[in-house]
Amino acid sequence: MSLMGLNNLYREVILDHSQNPHHKHSLANATQKITLKNPTCGDVINLELELQDDTIKDIGFTGEGCTISQSSASMMTDAVIGKSVADSLNLAHIFSDMVMGKKHSEADLQKLGDAAILSSVMKFPARIKCSTLCWWALRKSLGEEADD
Amino acid sequence: MDNKFQKIRNDFPILNQKVNGEPLVYLDSAATSQKPQAVIDGLIHYYQNDNANVHRSVYTLGQRATEEYENARQKVQRFINAKEDKEVIFTKGATDSLNLVASTYGEEHIKAGDEIVISIMEHHSNLIPWQQLAIRKQAKLKYIGLTKNGELDMKDAAQQITDKTKIVAIAHASNVLGVTNDIKELARIAHSHNAVIVADGAQAVPHQKVDVQDLDVDFYAFSGHKMLSPMGIGVLYGKKALLEAMRPYQYGGEMIDFVEKQKSTWTDLPWKFEAGTQNVAGAIGLGEAIDYLNEIGIDQVKAHEEELVEYLLPKLLQDQDLEVYGPHDPKKHNGVISFNIKGLHPHDVATALDMEGISVRAGHHCAQPLMKELGVVATVRASFYLYNTKADADKLLRAIAETKEFFKV
């Protein structure tokens with residue numbers, strides 16, 4: 001029964017987010033729109049932001065993907081809604097470092113909210129990209145070229 | 001039969017290991033096959049005893065390497081029943097072979113308004129070279145569709161191939177749907193319109209008897225690594241008259257006759273298409289693999305895979321939670337089975353199966369237009385080869401059941 005090992009990846013919170021994703025809709029007043037694809041599996045994310053005075057006033061996503069990519073997008077929208085552009089980009093970097101297994105402080109992880117639970121994905125290297133697709137989309141739509 | 005094939009498994013050292021605490025069940029041979037000890041030994045022997053550059057060395061090692069390299073070519077010639085060994089060109093793999101044809105024969109013969117006909121089930125390697133050629137030449141790329149059963153629509157083929165068609169390029173066997181296409185009939189149709197036919201045999205040569213003369217193909221491409229050989233070696237078969245008339249693919253060492261300051265002439269087939277230092281060890285490994293397959297018998301390999309599919313496919317079809325792609329008749333299926341667990345993404349399924357030690361492919365299998373046609377983003381694919389057994393099929397079925405339970409499907 002080595003499927004028990006799956007519990008490390010698919011925690012209850014992750015399954016909840018993928019089954020009932022938050023902010024999964026398009027925005028009426030989007031100021032930025034971006035579509036990113038994961039070429040290895042064909043997953044697609046359309047990310048929409050409504051920026052106001054350097055703040056993410058609203059965020060939504062559509063598209064299709066696996067449990068990890070869907071839950072990651074859902075948790076990301078929770079983490080960055082209402083935050084400034086700089087804070088959101090900072091969170092994106094914390095997330096990227098976390099899943100790559102780099103060191104991070106407890107305080108930083110707390111800022112990610114539910115998304116911190118995806119640290120489990122680093123034990124499944126083939127799935128790291130599933131979790132980072134939405135964060136790449138965020139970085140790109142905030143004018144930052146993601147380099148990883 | 002299973003007993004004999006149970007023993008075959010022991011010839012593949014990589015299969016004797018645990019993955020995530022479970023015995024490895026390798027079900028991704030359509031992506032690449034594992035290698036028997038005999039092939040691995042062949043590579044080691046070459047590098048320990050005979051390594052030298054071929055065709056240009058006067059000394060003994062060079063002669064030995066050349067002899068083994070050309071010997072491998074003759075093994076390929078006999079394996080696919082080519083008329084002459086000079087019709088067998090070594091390449092990096094099927095992709096390289098297909099690009100070779102597109103950028104030489106294709107480049108020379110396709111003109112604005114001409115048609116190139118492929119099928120909707122093509123792997124990207126037999127799609128993009130033609131698509132890009134069509135764009136360069138302002139030619140028209142046309143697709144043969146599928147029947148409701150997920151087979152190539154031969155009626156549509158007869159419609160799509162016309163007097164404007166110059167090249168027909170079709171997979172001999174699909175890497176997603178598990179079907180074998182009637183290349184012989186397609187060749188007949190193509191030739192009746194004075195078009196040439198290029199067959200992508202990457203999924204066929206490892207699993208069934210291929211006779212290029214009987215099929216009457218003009219070009220036939222395949223890879224070594226899907227048929228027990230190392231990666232980086234492949235074959236392009238071409239009819240001699242066509243190959244002789246074609247310009248070289250790449251320029252460099254060993255493909256020349258005379259080189260002057262302002263012009264050059266080319267050497268004979270097959271070396272005209274083998275510029276630069278070749279993958280000699282790879283070719284020798286391919287020769288070893290052919291010896292290994294011949295010893296078992298390629299028809300036996302085919303029968304073994306058919307037996308596995310006949311066992312597994314009906315069980316998968318019985319499961320209401322599964323969607324199985326390609327024909328549902330096991331007799332029309334080779335060892336490639338694509339499916340999805342309804343409501344679950346194939347990547348999640350593949351990760352779950354991996355935790356049970358089972359290697360399957362999840363994704364679009366380099367066939368995005370086909371995925372679109374099937375109305376899916378991606379699928380899970382289990383593919384079987386001579387070293388797989390019914391026990392492997394049972395483990396797959398059990399792991400699918402546990403995966404459904406885990407994700408509460």
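Let me begin with a definition: a salt bridge is a side-chain nitrogen of Lys or Arg within 4 Å of a carboxyl oxygen of Asp or Glu. Please keep in mind that this is a predicted model, in which local features need pLDDT of at least 70 and side-chain atom pairs count only at pLDDT 80 or more, while totals for chains, interfaces and linings use all residues. Residues are numbered from 1 along each chain as its sequence is written, chains are lettered from A and ligands numbered from 1 in the order in which they are written, and side-chain values use heavy atoms, with hydrogens and water left out.

By that definition, the structure holds 27 salt bridges over all chains. One of them joins Glu151(B) to Lys332(B), with 3.4 Å between the closest N and O atoms. Which parts of chain B does this pair tie together? Glu151(B) sits in the loop between strand S6 (140–144) and helix H6 (154–160), and Lys332(B) sits in the loop between strand S13 (322–324) and strand S14 (336–341), so the pair ties together parts that are 181 residues apart in sequence. Helices (H or I, at least four residues) and strands (E, at least two) are DSSP runs, numbered from the N terminus.

A second salt bridge has Asp214(B) and Lys184(B) as its partners, at 3.0 Å from N to O. Here Asp214(B) belongs to helix H8 (residues 212–215) and Lys184(B) to helix H7 (residues 183–192) of chain B, so parts that are 30 residues apart in sequence are tied together. For accessibility, buried means under 20% relative accessible area, exposed over 50%, and partly exposed in between (1.4 Å probe, protein chains only). Asp214(B) is partly exposed at 41%, and Lys184(B) is partly exposed at 43%.

Is Lys404(B) buried or exposed? Lys404(B) is buried, with a relative accessible area of 14%, whereas Asp321(B) is partly exposed at 27%.

Now to the domains. Chain B is divided into domain 1 (41–294) and domain 2 (297–406), with bounds that come from an automatic or database domain assignment. Taken over C-alpha atoms, the centres of domain 1 and domain 2 of chain B are separated by 28 Å. In contact, meaning heavy atoms within 4.5 Å, are 31 residues of domain 1 and 29 residues of domain 2 of chain B.

The area buried between these two domains of chain B is about 2,300 Å², and carbon and sulfur atoms give 60% of that; buried area is the accessible area (1.4 Å probe) that two parts lose on being put together, summed over both. His124(B), Val176(B) and His207(B) supply 26% of the area that domain 1 of chain B buries against domain 2 of chain B, more than any other three residues. Between domain 1 and domain 2 of chain B, the count is 1 salt bridge.
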